[in-house]
Amino acid sequence: MKVVICGEFPEKAEENIFHSFPLSWEVHIVPPSGLASELSNADILIPEHVEINADLLSKAPKLKLVQTGAGYDNVDLKACTEFGVQACNAAGVNAYAVAEHVMALILSWYKNIPYLDHFLKDHGEADQLDYTGAELYGKTIGIIGLGHVGRIVAEYCNAFHMTVLGYSHKLIEMCSVEQVDLDTLFRDSDIISLHVPLTDSTRHLINAETFSKMKPDALLITSRGGIVDEAALITALENKDISGACLDVFETEPLKPDSPLRDLKNVLLTPHTAGLPDGIKYHKKRYAFFVRNIEKVMRHETPECCLNTV
């Protein structure tokens, strides 16, 4: 059986990935530019930052499974179904890692951890210390998307005695979350955390209009690129329409060297690592899930987290 993993990985990550699969499996890690030559006899495809469409699938006659991480906006599910290829994601596998990262960003922001760390390491004098902080106690967080990650973030925020507002396209039974409409969430939230998948309906869900509805001291947290209109966000940050933003993902990745986000003082940035607690571009639980799902497909069993019906 041949497993093809398409993406750009550092050497250490490649080593960890290879060790995650049974020795008897033929595993290839290739960059997007080298994918075409590996498709003709591939059984399993794990893609990163490459479009899975009809043209690609037509070159992979043996393909049985397209397995993604949590996001699958790069996969044409209709085309997969037409070619008889099962598509699955790994919903919830990295939920705790991402939720913990969200809380780390929120705490770093309100407790000024990056500034205070830099102050001491730069040998700042006590009389030069000039900062303001805040408690999470009593603040209101608005969570857009109450899936695996959103619900865990809500639980964590409850532990900090915060008021939790939530928006979801369906009713979620959580007594600790008050479900509201988006306008109410934008108006009343001190923190807005985004946890919806990227679809046609959610692309640029956060834009110039929505920024105008937020509190001027609001903090935006996002863990899915494309949900936020990045140009509108930069304008809102420059004009102080909102207080700040904590970003782990971006519309274009990796973040461009000349992106204005790199120079803004009211932004905390991390390089798409929220769901990777085990090192750069590697998560043990994710690859363990991949192996289990592949084994189910090879046994002609129904895998987990199916995105289409084959």
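Mentor: In this predicted model, the lining of the largest cavity is made up of T222, R224, G225, G226, V228, E230, L233, L247, V249, F250 and E251. The volume of this cavity is about 60 Å³. A search of the whole structure turns up one cavity of 30 Å³ or more. By class, the lining of the largest cavity splits into five nonpolar, three polar and three charged residues.

Start from T222, one of the lining residues. T222 belongs to strand 10, residues 219-222. Is this strand covered on one face or on both? Both faces of strand 10 are covered. L219 and I221 lie on one side, L220 and T222 on the other, and all four are buried.

Now look at the partners of strand 10. Strand 9 runs parallel to strand 10, and four bridges join them. In this pairing, L194 stands opposite T222. Strand 11, residues 244-247, also pairs with strand 10 in the parallel sense, again over four bridges. There, L220 has A245 as its bridge partner. L247, another lining residue of the cavity, falls within the residue range of strand 11.

Strand 9 covers residues 191-194 and pairs in the parallel sense with strand 6, residues 140-144. Four bridges hold that pairing too. L194 in strand 9 is the bridge partner of I144. So which order do the strands take across the whole sheet? The sheet is open, has seven strands and reads 8-7-6-9-10-11-12, with parallel pairing. Strand 8 (178-179) and strand 12 are at the edges. Each has a single partner strand, so one side of each lacks a neighbour in the sheet.

Strand 12 (267-269), helix 4 (95-110) and helix 5 (113-121) each supply at least two residues to the lining of the second largest pocket. Helix 4 gives the most, with three residues. The volume of this pocket is about 520 Å³. It is lined by 17 residues, and W109, N112, Y115, K265 and N266 are the closest to its centre. By class, the pocket lining has eight nonpolar, six polar and three charged residues.

The structure holds six aromatic pairs. One of them joins Y115 and F119, in a tilted arrangement with 6.2 Å centre to centre and 35° between the planes. Why are they about one helical turn apart? Y115 and F119 are four residues apart in helix 5, so about one helical turn separates them. Y115 is at 30% relative accessibility and so counts as partly exposed. F119 has a relative accessible area of 12%, so F119 is buried.

Compare Y282 and Y287. Their ring centres are 5.6 Å apart and their planes are at 20°, so this pair is stacked. Y282 and Y287 are both buried. Both belong to one aromatic cluster, together with F21, W25 and F290.

K281 lies over the face of F9, at 4.7 Å from the ring centre.

Definitions and conventions. Residues numbered from 1 in each chain as written. Predicted model: local features only at pLDDT ≥ 70, side-chain atom pairs only at ≥ 80, totals over all residues. Heavy atoms only, no water. 1 Å grid on protein atoms, 1.4 Å probe; cavity = no way out; pocket = protein on both sides within 12 Å on 5 of 7 lines; lining within 4 Å. Points joined across faces, edges and corners; volume = space filled by probe spheres on them. Nonpolar A, V, L, I, M, F, W, Y, C, P; charged D, E, K, R; others polar. Phe/Tyr/Trp six-rings, centres within 6.5 Å; stacked < 30°, edge-to-face > 60°. Buried < 20%, exposed > 50% of the residue type's maximum accessible area, 1.4 Å probe, protein only. Lys NZ or Arg CZ within 6 Å of the ring centre and 35° of its normal. Pairing = 2+ DSSP bridges.
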